[in-house]
Amino acid sequence: LLFIQNNYGALYWPIVVNQHITVYIWAFVSLWFVSRSSAFDYVAALFFAIIALYSDVTGAIILVAGGGVLLLKKQYKRLIIWAAVTGTLCFFYFYKLTVPEFRPSIGDNLSHYDSLLSMVVLMPGFFADVMISLPYQIRLGIAAVFGLMSLALVFYCFFELLRKYQTLNRYKPESSVLWLWGCLFFLAATFGMLALGRAAEGIPTIMINRYRHLFTFWLIFNFLLLIQYTSVFKGGWRPWQYWTLIVAAMGYFFLHYFENQANSDYYRKELLTDAYEWKNNRAIPTTGIYLSLRESVDNSYINALKAGVYHFPHFPFGNLSKAPVQGTIAVDIIDNEGTYQVYIPEFERGFGKNDGAYLILESPQNTHILPTKNTHYALRWSLLKGKYYAPGATSGAMMKQYLTAPRYNVKIGVIRGGKQYIMNTGKVLIPNPS
């Protein structure tokens, strides 16, 4: 389950891998050690807690999650040391922290209490949001049902834990139980922080792919709760239980890949064309932030290249603009506010790694290359037709500020297997018509 492709944005973007994923790894490791008893385990827990804290702001939750585990263990001296060390580091982490202006304030988020409460219910159930091609409201309905079921399970098991503390003298949970609850609390607090920070921007902001490993973690720990606190798997595992779980996990794995393959393919190409565009045109089409941070980003690129810690990837489309012409193709130019896109209704992508159509905007001054995102068939039609990709492709959005030439010829570059060729469109793009 940890290797499904639903969080491709976190997997392909290195800065996010080192932030949005590793913070949970370090936090879970810290909680594993703090749930144990030896002095070495406690020191190791503090060590990994510090790494988690300085991986991402979410790591600050380790202060409370680890403290909660120590409280359940009734190790009050260690709790005081834990609070002093992690609390001091949290203070310096947040001291004079500048929140970006484009982020809504806590007051703005609290004023959208309807979105806030909806997120609290939906996030525990987003592990069931597998069929992302379904209509938006249906996806929310599925997540809400599973979210309520998940929250009911967690609260039931938590009350069972509290009941044992009340009815059993000197009750000491096993270290694995304490670790489980520490991890669940860490994830639940993450959901709360995410809701508190995104409520004003709406529910879609928590559905983006780079957060979705959170929901997979939550699913795994819910499964461990079922094993620990219910009779579902008591008395040994029967063969049908093994096979049911294996089939369900494989189906879950397959559906995630099926639903996300086209998106992850496009995301990979976006990262490649962004690097190509910066190298050749000092442009990063997928983000407008570059326009306001151009000097800092350029210096980071240049210094990394000089130091040898970064090198440009291979661009499979690097010579595509010089490929031979092979026919024509119809396109529609979409003039959005601040960007242009091109829709190619009749193009069908092959299944090679670099296959696809690439938008080429050509002028004597500069040439821009952008990838296109291909549509895919629904599962039933894909199985019937024996194809994944359906006709139709839409280019990435090119910001008008990057189009400095007076006019561009619009061409479509095609990579299909080992072949590369150009298809003329007969269209001309004039960024600033007088």
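Analyst: Strand β4, which covers residues 356-362, is mostly covered, since 6 of its 7 residues are buried. Here, buried means under 20% relative accessible area, exposed means over 50%, and partly exposed lies in between, with a 1.4 Å probe and protein chains only. Strands (E, at least two residues) and helices (H or I, at least four) are DSSP runs, numbered from the N terminus. The model is predicted, so local features need pLDDT of at least 70 and side-chain atom pairs count only at pLDDT 80 or more, while totals for chains, interfaces and linings use all residues. Residues are numbered from 1 along each chain as its sequence is written, and side-chain values use heavy atoms, with hydrogens and water left out.

The partners of β4 come next. Two strands pair if DSSP finds at least two bridges between them. β4 is joined by 7 bridges to strand β8 (residues 408-416), and these two strands run antiparallel; within this pair, A357 stands opposite V414. β4 and β5 are linked by a hairpin, which passes through 4 residues.

The C-alpha atoms fill a box of roughly 80 × 55 × 45 Å, taken along the principal axes, and 45% of the 434 residues count as buried. If contact means heavy atoms within 4.5 Å, then among contacts between residues at least 6 apart in sequence, 71% join residues at least 24 apart. The accessible surface (from the Shrake-Rupley method with a 1.4 Å probe; for residues, only the protein chains shown count as cover) comes to about 22600 Å², of which 64% belongs to carbon and sulfur atoms.

Some loop residues also deserve a careful look. K74, in the loop between α4 (62-73) and α5 (76-94), has a positive phi of about 60° although it is not a glycine, and K74 is partly exposed, with a relative accessible area of 47%. R282, in the loop between α11 and α12 (289-292), likewise has a positive phi, of about 50°, and is not a glycine; its relative accessible area of 33% makes R282 partly exposed. For background, most residues other than glycine have a negative phi, and most peptide bonds are trans. In the loop between β2 (332-335) and β3 (339-344) you find E337, which counts as exposed because its relative accessibility is 83%. E337 and M399 are 62 residues apart in sequence, yet their C-alpha atoms are 9.2 Å apart in space.
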